[in-house]
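Let's take a walk through a protein chain together.

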Amino acid sequence: MEKRIELEKRGKNPADIKELNLDNCRSTNIVGLTDEFENLETLSLINVGLTSLKGFPKLPNLKKLELSDNRISGGFDILETSPKLVYLNLSGNKIKDIESLEALKVFKHLRHLDLFNNEITNLDNYRDKIFKMLPNLKYLDGFDADEHEAEESEGDGDGDEEVNGNGEEESNEDDSSEEDDEMEDSVDLGVVYSENLDELSDGDYEAGEDEEEEDEVEEEEEEEEEDESHDATPSSVKGKKRKREDEDEN
């Protein structure tokens, strides 16, 4: 696991890393992951072979933790040093009873919990008991208390609610309103742009009409000149004939 951590760091300072993927790096406990990753928000330890969370560091900003497909049966109190936890996936582990999850009561912001493919899911009224024990929980195994499936945007714990530095939830409504304002501005610009295009196209069309009218006038003038030249030719011929007749008489 230590080698994998060094590889995933890619030369970065641990305090600058917000997401760390250690999937499939085989280890029975956590080794090499230290308190230096203080700003880590997402940690994935899928199919590592963990039998416990021994060695889990203090990660005060951790919000999403993936621990599926391991062999963990309890000891979740060690996660108390990550109070901002919103999403916890424990599917495919060895959890057998409700009591082993009581340590999760301290997580006031925990909204998503996945226990699929654990023995605990075979207990009578399993879902009711979990929701009663964790009143702040919104989704269990991807469904809420009324059996409504979590939306895709919420299913991964990246919903509209965020936890600030004081451990309080924040909404992204301001961000959405700013985006709406930007959209309105872009639409207004589009309208102005299209209007300018219409004016330009109308101007081009009118200019084209003027050119056509000028061409028609020039054609008419040329036809009149040709007609005059045709009319002038017979009269000049008649004049020449008269001049010859006068000369012959003399």
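What share of the 250 residues of the chain counts as buried? The figure is 32%, where buried means under 20% relative accessible area, exposed means over 50%, and partly exposed is in between (1.4 Å probe, protein chains only). Before we go on, a word on what you're looking at: this is a predicted model, in which local features need pLDDT of at least 70, side-chain atom pairs count only at pLDDT 80 or more, and totals for chains, interfaces and linings use all residues. Residues are numbered from 1 along each chain as its sequence is written, and side-chain values use heavy atoms, with hydrogens and water left out.

Now for the overall layout. The chain has four helices and eight strands; here helices (H or I, at least four residues) and strands (E, at least two) are DSSP runs, numbered from the N terminus. Read from the N terminus on, the order is α-β-β-β-β-β-α-β-α-β-β-α. Contacts tell you how the chain folds back on itself, and a contact means heavy atoms within 4.5 Å. Among the contacts with a separation of 6 or more, 37% are between residues 24 or more positions apart. The chain exposes about 16,900 Å², and carbon and sulfur atoms supply 42% of that (Shrake-Rupley method with a 1.4 Å probe; for residues, only the protein chains shown count as cover).

Let's zoom in on some loops. Asn24 is in the loop between β1 (19-21) and β2 (42-44). Asn24 has a positive phi of about 70 degrees, although it is not a glycine. Its relative accessible area is 48%, so Asn24 counts as partly exposed. Asn117 has a positive phi too, of about 65 degrees, and is not a glycine either. You'll find Asn117 in the loop between β5 (112-114) and α2 (126-133), and Asn117 counts as exposed because its relative accessibility is 55%.

Thr121 is also found in the loop between β5 and α2. With a relative accessible area of 27%, Thr121 is partly exposed. Leaving aside neighbours within four places in sequence, Thr121 is in contact with Leu115, Phe116, Tyr126 and Asp141. Thr121 and Lys96 are 25 residues apart in sequence, and their C-alpha atoms are 8.1 Å apart in space.

Not counting residues up to four places away in sequence, Ser82 touches Phe56, Leu59, Leu62 and Phe107. Ser82 and Asn61 are 21 residues apart along the chain, with 6.5 Å between their C-alpha atoms.

Next, the rings. The charged end of Lys64 sits over the ring of Tyr87, 5.1 Å from its centre; to count, NZ of Lys or CZ of Arg must be within 6 Å of the ring centre and within 35 degrees of the ring normal.

Over residues 123-141 the chain is 42% helix and 11% strand, and the end C-alpha atoms are 15 Å apart.

Finally, how far can you trust the picture? The mean pLDDT of the chain is 78, and 61% of its residues reach 70 or more, pLDDT being the predictor's confidence in each residue, from 0 to 100. Over residues 200-207 pLDDT stays under 50, and the model has zero contacts there beyond four places in sequence. Where pLDDT is low, the predicted coordinates should not be read in detail.
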